[in-house]
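Student: Hey, I've just opened this one and I'm new to it. Can you walk me through a few spots?

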Amino acid sequence: MNEILVTGATGNVGRQVVVELLATGTAVRALVRDPETAGLPGGVKVVGGDLSEPETLEEALKGTSTVFLVWPFLTTKGAPAVLETIARHAHRIVYLSSSGVDEDAERQTDPINQLHADMERLIEKSGLEWTVLRATTIASNARGWVEQIRTTHVVRGPDMAATAVVHERDIADVAVRVLTGDGYVGTKFVLTGPQVLSRAQQVHTIGEAIGRLVSFEKVPVQVAREQMLADGRPTALVEALLASVERRPASNLVTSTVEEITGAPARTFRAWAQEHAEEFR
Ligand SMILES: NC(=O)c1ccc[n+]([C@@H]2O[C@H](COP(=O)([O-])OP(=O)(O)OC[C@H]3O[C@@H](n4cnc5c(N)ncnc54)[C@H](OP(=O)(O)O)[C@@H]3O)[C@@H](O)[C@H]2O)c1
């Protein structure tokens, strides 16, 4: 048995990884918390399990050789036990990390980059053959603006440093090559889109895709904090997100890694906005 287990399989990236692995004829399993609502394509074996409860992963891991791991938490609590459980079954892991991780820094700029740096260290020590995919801001984060764009044509929120937003399908394309191919072990790849974009530029691009003028209005961090807490978001998540907003430095980083690995140029945010235009109308 040489199946690949995809975690975060109902998420923006994981779902694409499942779809694209299936397209290559690979035997795929999807780890989901609720198999009833997963809505994954036929052909994938959907297995229930929770990354915060390592003992629930045994069933999903039986017979797998490789795991695509996303870590949807703000701390590494529980990660060593999850990695030990994975290593009892599989021999290879591909981890989705952040391009903001600075290899040389003692402390990272913010809690989210710190989490990924800490996860990378645990994975390096896990005994598994590892590959790390460090992604910039994922284009699908823009889905968080759907409601505002549909109803007001203005996106109000905290601003953050511009980055070369990467299409989730490019991350998935790279992940599939790395999960199914040899020669990527022990490597950290930085995945970016082709163009550095501010939030205002992303919002404007979505407006062009739907044929309406849509603008971005920067909200002070304290106001954003109050709004996010009032929306019921957990305090730790709000503080981590706002720390990213306040502390991440501007970066002009654009890599050619997507094209080098997949053979196709990285997709633009414009292409993403056109593909998803209906969601914003
Ligand atoms: N967003 C970015 O810009 C960015 C940039 C760099 C790296 N990343 C990393 O990429 C990861 C994936 O991004 P994404 O946009 O695909 O995330 P997403 O759409 O929010 O999906 C998160 C996934 O994690 C699953 N999940 C949540 N809690 C779980 C648990 N306790 N046990 C098992 N599965 C659980 C969710 O499944 P359920 O259906 O069970 O909820 C969902 O499939 C992020 O977690 C982050 O670490 C993100």
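Student: Okay, how many residues surround the ligand, and which are the closest?

Tutor: Keep in mind that this is a predicted model. There are 23 residues around the ligand, and the closest are G8, T10, G11, R33 and L51.

Student: Which residues of α1 are buried?

Tutor: V13, G14, R15, Q16, V17, V18 and L21 are. What the buried residues of α1 pack against is β1 (3-6), β2 (28-32), β4 (64-69), β5 and α6 (168-180).

Student: What comes just after α1?

Tutor: G25 does, and G25 takes a positive phi of about 85°.

Student: New topic: helices on helices. At what angle do α3 and α4 pack?

Tutor: Helix α3 (residues 79-89) packs with helix α4 (residues 111-124) at about 35°, and their axes are 10 Å apart. As for handedness, the crossing of α3 past α4 is right-handed.

Student: Which residues meet there, in α3 and in α4?

Tutor: From α3 you have A79, P80 and L83, and they meet M119, L122 and I123 of α4. By class, that contact has six nonpolar residues, with no polar and no charged ones.

Student: Last one, H91. Where is H91 found?

Tutor: In the loop between α3 and β5.

Student: Why does H91 count as partly exposed?

Tutor: Because H91 has 14 C-beta neighbours inside 10 Å.

Student: What does H91 touch?

Tutor: Leaving out residues up to four places away in sequence, H91 touches S65, L128 and E129.

Student: And how far apart are H91 and I206?

Tutor: They are 115 residues apart in sequence, and 41 Å apart in space from C-alpha to C-alpha.

Technical notes. Residues numbered from 1 in each chain as written. Predicted model: local features only at pLDDT ≥ 70, side-chain atom pairs only at ≥ 80, totals over all residues. Axes fitted to C-alpha atoms, helices over the stretch in contact; angles between N-to-C directions. Helix = DSSP H or I, 4+ residues; strand = E, 2+ residues; numbered from the N terminus. Left-handed = near helix turned anticlockwise from the far one by under 90°. Contact = placed C-beta atoms within 7 Å. Nonpolar A, V, L, I, M, F, W, Y, C, P; charged D, E, K, R; others polar. Near = placed C-beta within 6 Å. Buried ≥ 20, exposed ≤ 12 C-beta atoms within 10 Å, placed from the backbone.
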